[in-house]
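I opened the model and kept notes as I went. The entries follow the sheets, then the helices, then a few single residues.

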Amino acid sequence: MMSLDVRAFTSPEMGENAYLVRAEGSETAVVIDPGVADPVIATLRAGGLELEAVLLTHAHVDHIMGVAALVRETGVPVYLHPEGRALYDRAIDQAAMFGLGIEPPPSPDRALAHGEALRLAGCDFEVRHAPGHAPGHVVLAVRGAGVAFVGDVIFQGSIGRTDLPGGDFRRLMRSIREQVLTLPDETILYPGHGPSTTVGHERVSNPFLVPDYPGGFA
């Protein structure tokens with residue numbers, strides 16, 4: 001099985017996890033959901049690594065606050081599902097809702113599509129459309145390494161909120177059932193907030209998924 005180097009950086013403002021990811025031995029890396037930029041840039045420089053792309057699971061402001069600085073520093077393309085574009089373009093308004101400022105991120109360069117395979121940083125990413133928390137939300141699975149970057153679809157012991165614009169509880173639960181729980185139980189899940197977990201652990205212990213609770217399908 002492929003070994004990944006996954007480094008997490010948690011933003012101080014909103015507790016969001018950005019991930020710098022590469023296959024072991026690769027001299028290039030991708031960043032997923034950069035809610036911060038400075039520590040990512042410092043890690044790239046310290047390791048002599050070249051950034052290949054910015055991958056976004058969705059466009060809520062806490063996941064994109066570092067995009068502008070990273071693109072300005074590295075010139076890399078930004079990947080986003082097209083259904084997330086409306087939120088992405090309202091980054092300033094989103095930030096203002098939380099009393100924050102944000103440098104407007106540059107326009108996305110590449111539209112992610114369900115079922116698409118991306119070969120980046122020595123990794124084979126599988127794009128899985130998983131709406132419900134946010135429009136255009138995707139899960140990025142690296143099956144060869146047994147990991148998936150799930151954004152805000154599912155967390156350790158919880159699921160993504162659905163009370164923000166574009167949220168839909170039924171769609172979220174369907175996304176979890178079809179795009180997360182269909183992965184092998186040993187798959188490590190790296191969420192947008194909080195610690196990592198596994199598919200198997202959430203299947204049997206997540207209170208939103210076990211049969212006595214609203215999910216009812218795990």
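**Terms and source.** I count two strands as paired if DSSP finds at least two bridges between them. Helices (H or I, at least four residues) and strands (E, at least two) are DSSP runs, numbered from the N terminus. This is a predicted model, in which local features need pLDDT of at least 70, side-chain atom pairs count only at pLDDT 80 or more, and totals for chains, interfaces and linings use all residues. Residues are numbered from 1 along each chain as its sequence is written, and side-chain values use heavy atoms, with hydrogens and water left out.

**Entry 1: sheet β1 to β6.** I looked up the strand order first. Six strands form an open sheet in the order β1-β2-β3-β4-β5-β6, and the pairing is mixed. β1 (4-10) and β6 (110-111) are the edge strands, each pairing on one side only. I then checked the β6 end. β5 (residues 78-80) runs parallel to β6, with two bridges between them. Tyrosine 79 has arginine 110 of β6 as its bridge partner.

Entry 2: Contact here means heavy atoms within 4.5 Å. Axes are lines fitted to C-alpha atoms, for helices over the stretch in contact, and angles run from 0 to 180 degrees between N-to-C directions. Helix α1 (residues 38-47) packs on the sheet and touches β1, β2 (17-23), β3 (28-32) and β4 (50-55). Its direction makes about 145 degrees with that of β1. Helix α2 (residues 67-74) also packs on the sheet, touching β3, β4 and β5, at about 145 degrees to β4.

How do α1 and α2 pack, and at what angle? The angle is about 30 degrees, and the axes are 10 Å apart. That makes α1 roughly parallel to α2 (angles under 35 degrees count as roughly parallel, over 145 as roughly antiparallel, 65 to 115 as roughly perpendicular and the rest as oblique). Val40, Ile41 and Arg45 of α1 meet Ala69, Leu70 and Glu73 of α2. I sorted these residues: four are nonpolar, none polar and two charged. The classes are Ala, Val, Leu, Ile, Met, Phe, Trp, Tyr, Cys and Pro as nonpolar, Asp, Glu, Lys and Arg as charged, and the others, Gly among them, as polar.

**Entry 3: the buried face of α2.** Buried means under 20% relative accessible area, exposed over 50%, partly exposed in between (1.4 Å probe, protein chains only). In α2, I found Val67, Ala68, Ala69, Leu70 and Val71 buried. The buried residues of α2 pack against β3, α1, β4, β5 and α3 (85-89). Glycine 75 follows α2 and has a positive phi, near 75 degrees.

**Entry 4: sheet β7 to β14.** A second look-up gave an open sheet of six strands with mixed pairing, in the order β7-β8-β9-β10-β13-β14. β7 (117-120) and β14 (197-198) are at the edges with a single partner strand each, so one side of each has no neighbour in the sheet. β7 pairs antiparallel with β8 (residues 123-129) over four bridges. There, leucine 118 has phenylalanine 125 of β8 as its bridge partner.

At the other end, β10 (residues 147-151) and β13 are parallel and share four bridges. Valine 147 is opposite isoleucine 188 in β13. β13 and β14 run antiparallel, joined by two bridges. Isoleucine 188 is opposite threonine 198 in β14. These two strands form a hairpin with five residues between them, and glycine 194 in the turn has a positive phi of about 80 degrees.

Helix α5 (residues 169-180) lies across β8, β9 (138-142) and β13 (188-191), at about 145 degrees to β8.

**Entry 5: single residues.** A polar contact is a pair of N or O atoms within 3.5 Å; within protein, one must be able to donate a hydrogen and the other to accept it, and residues adjacent in sequence count only if both atoms are side-chain atoms.

Is asparagine 17 buried or exposed? Asparagine 17 is buried, at 5% relative accessibility. It sits in β2. Its side chain makes a polar contact with that of threonine 10 (2.9 Å). Beyond four places in sequence, asparagine 17 touches residues including Ile32, Pro191 and Gly194.

Arginine 85 is in α3 and is partly exposed, at 32% relative accessible area. Its side chain makes a polar contact with the side chain of aspartate 89 (2.8 Å). Apart from neighbours within four places in sequence, arginine 85 contacts Leu80, Ser107 and Pro108.

Serine 175 belongs to α5 and is buried, with a relative accessible area of 5%. With neighbours within four places set aside, serine 175 contacts Ala130, Pro131 and Val180.
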